[in-house]
Amino acid sequence: MRLIQNMSTIAEFATPECPSNGNIKIAVIGGSGVGKTALVVRFLTRRFIGDYERNAGNLYSREVQVDGGEQVAIQVQDTPGVDLTGNGLSIPDHVTCSIQWADAVVLVYSVTDRHSFDLIGQLHQLVVRAGGANVPPVILLANKADLLHMRRVDAEQGPLLAAALGCSFYEVSASEDYSQVHGAFHRLCCHMAKQQPTAPMSSHTTSSGAAEKKGRSPLIPRPKSPNMQDLKRRFKQALSAKVRTVTSV
């Protein structure tokens, strides 16, 4: 793993070692303290380090092996945490920049922090708005699954929210289980690698390739753009149905 730089100059970043058009670029976004850095470092190095400088916003680069043994270069942007203030959602400009830069987005919350879970719907809307006509694929990660005694988000709520948003879901523990973290990121990398051209193409080939890519059914669903009120209504209905089922039993 190579730490490239702080994210403050991400828009201008490009080097011969990591050309901007040859990487899989992943932005990791979520509330403060949910374990974004721990997840990124765990995936890239297998190591878990419990104490990090918060909101450093570092950009990491390395090569990973995807299905078929192919080596691909990836860049992972560990963005500063976002939070709610008295004026609403506080989002640094660099977070929006990261979404526009990224080929894929990982949204993260902690199962021990209900507030971080409640942020996901708004962060997802930010991804949809910032992505414009090219909204990147999204996966939802619930971190700190090992802290059962501190859980504040039911295990069923993550999959329900992911289904409402139209994205894949994984519940993981950065501290306890490398295979869970690796599996989530690896599947995303494999999907993104399949979307990239395998060789330089002419402008005619590129156009036809882009059309073929657009028509392809993605392994990782691209996020929907739901009305926020409709999303809340469907989420409450799903939870109410679960409660009725438990009561009847």
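Mentor: A residue is called buried when its relative accessible area is under 20%, exposed when over 50%, and partly exposed in between, with a 1.4 Å probe and protein chains only. In the protein chain, 45% of the 249 residues are buried. This is a predicted model, in which local features need pLDDT of at least 70, side-chain atom pairs count only at pLDDT 80 or more, and totals for chains, interfaces and linings use all residues. Residues are numbered from 1 along each chain as its sequence is written, and side-chain values use heavy atoms, with hydrogens and water left out.

Trainee: How many helices and strands are there in the protein chain?

Mentor: The protein chain has 8 helices and 9 strands. They are DSSP runs numbered from the N terminus, helices being H or I with at least four residues and strands E with at least two.

Trainee: Why is Leu188 called buried?

Mentor: Leu188, in helix H6, has a relative accessible area of 0%, so it counts as buried. The C-alpha atoms of Leu188 and Pro137 are 8.8 Å apart, although 51 residues separate them along the chain.

Trainee: What makes Gly81 buried?

Mentor: Gly81 has a relative accessible area of 14%, and is therefore buried. Gly81 belongs to the loop between E4 and strand E5 (83–85). Gly33 is 48 residues from Gly81 in sequence, yet their C-alpha atoms are 7.3 Å apart.

Trainee: How do you know that H4 is largely enclosed by the rest of the structure?

Mentor: Of the 12 residues of H4, 9 are buried, so the helix is largely enclosed. Among them are Ile120, Leu123, Leu126 and Val127. Just after H4, Gly132 takes a positive phi of about 60 degrees.

Trainee: What span is expected of H4 (residues 120–131)?

Mentor: The expected span is 1.5 Å times one less than the number of residues. For the 12 residues of H4 this is 16 Å, and the helix reaches 16 Å from its first C-alpha to its last. Helix H6, with 18 residues, reaches 26 Å, close to the 26 Å expected.

Trainee: Why are H2 and H4 called oblique to each other?

Mentor: Helix H2 (residues 93–101) packs against H4 at an angle of about 60 degrees, with the axes 9 Å apart. Axes are lines fitted to C-alpha atoms, for helices over the stretch in contact, and angles run from 0 to 180 degrees between N-to-C directions. Angles under 35 degrees count as roughly parallel, over 145 as roughly antiparallel, 65 to 115 as roughly perpendicular and the rest as oblique. H2 and H4 are therefore oblique.

Trainee: Which residues of H2 and H4 meet?

Mentor: Val95, Thr96, Ile99 and Gln100 in H2 meet Leu126, Val127, Ala130 and Gly131 in H4, contact meaning heavy atoms within 4.5 Å.

Trainee: What makes a set of residues a nonpolar core?

Mentor: The members are buried Ala, Val, Leu, Ile, Met, Phe, Trp, Tyr and Cys residues joined through side-chain atoms within 4.5 Å. The largest such core has 32 residues, and those with the most contacts inside it include Val28, Phe43, Ile74 and Phe185. Elements that each supply at least two residues of this core include strand E2 (24–30), helix H1 (36–45) and helix H6 (178–195). H6 gives the most, with 8 residues. A second, separate core of 28 residues includes Phe117, Val138, Leu140 and Ala162.
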